[in-house]
Amino acid sequence: MKRIFMLTLLALMVMVAGCSGGGTSSDDGGKTSTSTEGQGQTDSNTTDSKETVTITYAGWGTSGYKDAYAMIVKAFEEKHPNIKIKIEDTPNKQYWQKLETAANGDNLPDVFWMNGPRFMQYAANDMLMPLGTLIKQDNYDMNNYPKSLVDLYTYDGQSYGIPKDFDTIGVWYNKALFDEKKVEYPNASWDWNKMIDAAQKLTDPAKGQWGIAANFDSQGGYYNTIYQAGGYMISDDKKSSGYDKPEAIEGIKFWTDLIHKYKASPTMAQMTDTEALNMFTSGKVAMLWEGSWNAVDFANNDYLKDKIGVAALPKGKQQSVVIHGLGHVMSKNTKHPKEAWEFLKFLGSKEVADIHTKTGVAIPAFNGTQDAWVKSQPNLDLQIFIDQLAYSKPYPVSKYTAKWSGLESDILKKAWSGELSPEEAGKQMAAKMNEALAAE
């Protein structure tokens with residue numbers, strides 16, 4: 001299995017250089033959420049309970065997460081004095097490469113963060129511990145989490161992950177720039193036309209200021225507008241691409257028009273020189289579509305904290321937003337499966353969810369704890385991220401998501417730069433993606 005995984009990784013390094021890890025991303029695929037068919041290996045390589053064992057725990061995060069890490073580790077170690085937790089915190093852009101290198105060396109962390117796009121690859125290549133037997137023997141209640149998130153980390157009928165958190169996307173905006181131009185703040189009544197109109201009014205070339213950043217971003221950008229236009233990226237049976245459908249092309253065109261037709265966004269070259277996020281946090285961009293995970297950083301940003309607002313995404317032909325959630329998983333080859341399972345259970349507890357709500361770093365997956373997260377930043381209307389669940393759509397994934405999502409950077413980005421029309425980019429993307437899906 002390792003050889004297969006290594007060959008896959010080598011292929012991906014060639015095919016998907018530059019493939020984004022994104023923030024977090026989701027899928028409602030998978031099977032039953034409460035499978036008990038797993039073959040968790042608890043009898044071998046376990047450590048005597050009196051011996052001190054160190055468990056490695058890997059993820060990525062911001063300053064807010066670092067606060068949460070410290071609180072979680074302290075709470076766990078107080079309950080389990082014989083188990084020490086070693087945090088391996090890596091920036092998101094380096095996290096997946098580091099994880100793949102560790103997988104190739106059979107040296108994965110004992111417990112680590114996993115996302116939807118990569119989950120099936122790791123599960124299918126026998127890199128993750130199936131949790132079904134452990135869940136059954138401890139009567140661990142998977143009903144504490146949204147079913148869509150439990151299903152996301154279920155492969156071939158077996159549970160491999162404990163849901164950690166979830167996220168949706170909002171329109172973050174700079175109130176000061178809106179007030180300056182006397183433009184109405186984004187609100188629930190907005191559709192695409194109102195957003196485009198506001199973006200044009202807020203654009204001021206003399207000040208080097210744009211109404212919106214048409215960032216080349218899947219989860220924060222075009223996945224949402226493709227769904228809003230009635231399109232899709234991958235068919236429900238995971239066998240065909242929807243990128244050449246008129247609705248998907250319309251969802252892409254929303255962004256490219258903001259750059260090339262309406263001149264209300266920085267160009268692709270400008271956003272390559274300076275990331276759209278940095279333009280927003282420095283007052284050069286009035287609106288930015290970004291995730292719920294930004295709440296803490298935006299609320300604490302010295303420039304933005306007194307100017308920031310957030311609203312639900314505008315409506316296209318229909319309302320829609322992408323949802324995704326991270327999971328906690330365990331290495332199949334951990335030397336300490338008993339202790340790793342204890343830590344995994346703790347990470348999935350209400351106690352840890354409550355810690356997350358205190359720090360406001362993410363919307364916890366544990367049912368009933370989301371309200372506290374909403375109240376964690378009382379100056380922001382974070383409820384919009386929860387309310388959008390009613391019409392949310394899953395983050396698109398397949399067994400080898402990276403094989404075709406990497407093509408997005410190669411092909412769709414040319415539409416953002418003006419090298420290809422949205423129609424031609426969609427056509428090329430669908431052809432290449434269908435080849436990748438046929439090989440899965």
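## The largest cavity

Helix H15 gives the most to the lining of the largest cavity, with three residues. H15 spans 350-359, and strand E6 (161-167) also supplies at least two lining residues. (Helices, H or I with at least four residues, and strands, E with at least two, are DSSP runs numbered from the N terminus.) This is a predicted model, where local features need pLDDT of at least 70, side-chain atom pairs count only at pLDDT 80 or more, and totals for chains, interfaces and linings use all residues. Residues are numbered from 1 along each chain as its sequence is written, and side-chain values use heavy atoms, with hydrogens and water left out.

The volume of this largest cavity is about 60 Å³. It has 13 lining residues, and the closest to its centre are Pro163, Lys164, Leu347, Gly348 and Ala353. A cavity here is a set of points on a 1 Å grid over the protein atoms alone where a 1.4 Å probe fits but cannot get out; lining residues have an atom within 4 Å of a point.

## Around threonine 203

Now for a single residue. Threonine 203 sits in the loop between helix H8 (192-202) and strand E8 (210-212). It counts as buried because its relative accessibility is 17%, with buried meaning under 20% relative accessible area (1.4 Å probe, protein chains only).

A polar atom of the threonine 203 side chain lies 2.7 Å from the backbone oxygen of alanine 199. For glycine 211, the backbone nitrogen is 3.0 Å from a polar atom of that threonine 203 side chain.

Key
Buried means under 20% relative accessible area, exposed over 50%, partly exposed in between (1.4 Å probe, protein chains only). A polar contact is a pair of N or O atoms within 3.5 Å; within protein, one must be able to donate a hydrogen and the other to accept it, and residues adjacent in sequence count only if both atoms are side-chain atoms. On a 1 Å grid over the protein atoms alone, a cavity is a set of points where a 1.4 Å probe fits but cannot get out, and a pocket is an open set with protein on both sides within 12 Å along at least five of seven lines; lining residues have an atom within 4 Å of a point. Grid points are joined across faces, edges and corners, and a volume is the space filled by probe spheres set on the points.
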